[in-house]
Amino acid sequence: MDKAEIGQRGEEAAVAYLERLGMTIVDRNWRDGRGELDIVGLDDGTLVICEVKTRTGESHGTPEEAVSVSKQRRLTRLARSYIAANGLEPCEVRFDVISIAVIGPERALLRHHRAAFEAV
């Protein structure tokens, strides 16, 4: 399985998990010229920007550690762009991170970090 397929499977698992929690998924893999938002959802009226990180090992750190301050800034800019492009101003925004550590061919550990960071 290549890196893109691992990432895609991680996003599918994250979407299924969030929908089980009752979140409405409104967009996936939204892009503008500066990057991509993995999952955009609505949770009780709050716009949720959810970054998904899937890893098969921790040689490069945990999945959560991949959401650096520079990545947080990029996600904040993308969220503002998404809000403007969809006429959603003003709205409350929350940034979540879902990390998925693949343990074996049929096992993975999913961790959901609600409000993982504030807009920067």
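Before I start, one definition: when I say that two residues touch, or are in contact, I mean that they have heavy atoms within 4.5 Å. Please also keep in mind that this is a predicted model.

With that cut-off in hand, let me begin at Ile49, which, leaving aside residues up to four places away in sequence, touches Leu37, Ile39, Val40, Ala79, Val93, Arg94, Phe95 and Asp96. Ile49 belongs to the largest nonpolar core, a set of 14 residues in which Leu37 and Ile49 are the ones that touch the most other members. The elements that contribute two or more residues to this core are β2, β3, α2, which spans 69–85, and β4, and the largest share, 5 residues, is supplied by α2. Apart from this core there is another one, of 10 residues, which includes Val15, Leu18, Met23 and Val52.

Let me now step back to the fold as a whole. The protein has 2 helices and 5 strands, and, read from the N terminus, the order of elements is α-β-β-β-α-β-β. The radius of gyration is 14 Å, close to the 14 Å that the globule rule gives for 120 residues, so the protein is as compact as a globular protein of that length. Along the principal axes, the C-alpha atoms fill a box of roughly 45 × 30 × 20 Å.

Turning to the sheet, the 5 strands form an open sheet in the order β1-β2-β3-β4-β5, and the pairing is mixed. At its edges are β1, residues 24–32, and β5, residues 107–117, each of which pairs on one side only, while the twist from one strand to the next averages 25°. Within the sheet, β3, residues 46–55, and β4, residues 93–104, pair in the parallel sense over 9 bridges, and, as one specific case, Thr54 has Ile100 in β4 as its bridge partner.

And what lies across β1, β2, β3, β4 and β5? That is helix α1, residues 3–20, which runs at about 150° to β1.

I will finish with some totals for the protein. Of its 120 residues, 39% are buried. If we take the contacts between residues at least 6 apart in sequence, 53% of them join residues that are at least 24 apart. As for the surface, the protein exposes about 7,000 Å², of which carbon and sulfur atoms supply 48%.

Definitions and conventions
Residues are numbered from 1 along each chain as its sequence is written. This is a predicted model: local features need pLDDT of at least 70, side-chain atom pairs count only at pLDDT 80 or more; totals for chains, interfaces and linings use all residues. Side-chain values use heavy atoms; hydrogens and water are left out. Two strands pair if DSSP finds at least two bridges between them. Helices (H or I, at least four residues) and strands (E, at least two) are DSSP runs, numbered from the N terminus. Axes are lines fitted to C-alpha atoms, for helices over the stretch in contact, and angles run from 0 to 180 degrees between N-to-C directions. A nonpolar core is a set of buried Ala, Val, Leu, Ile, Met, Phe, Trp, Tyr and Cys residues joined through side-chain atoms within 4.5 Å. Buried means under 20% relative accessible area, exposed over 50%, partly exposed in between (1.4 Å probe, protein chains only). The radius of gyration is taken over C-alpha atoms; the globule rule is 2.2 Å times the number of residues to the power 0.38. Accessible areas come from the Shrake-Rupley method with a 1.4 Å probe; for residues, only the protein chains shown count as cover.
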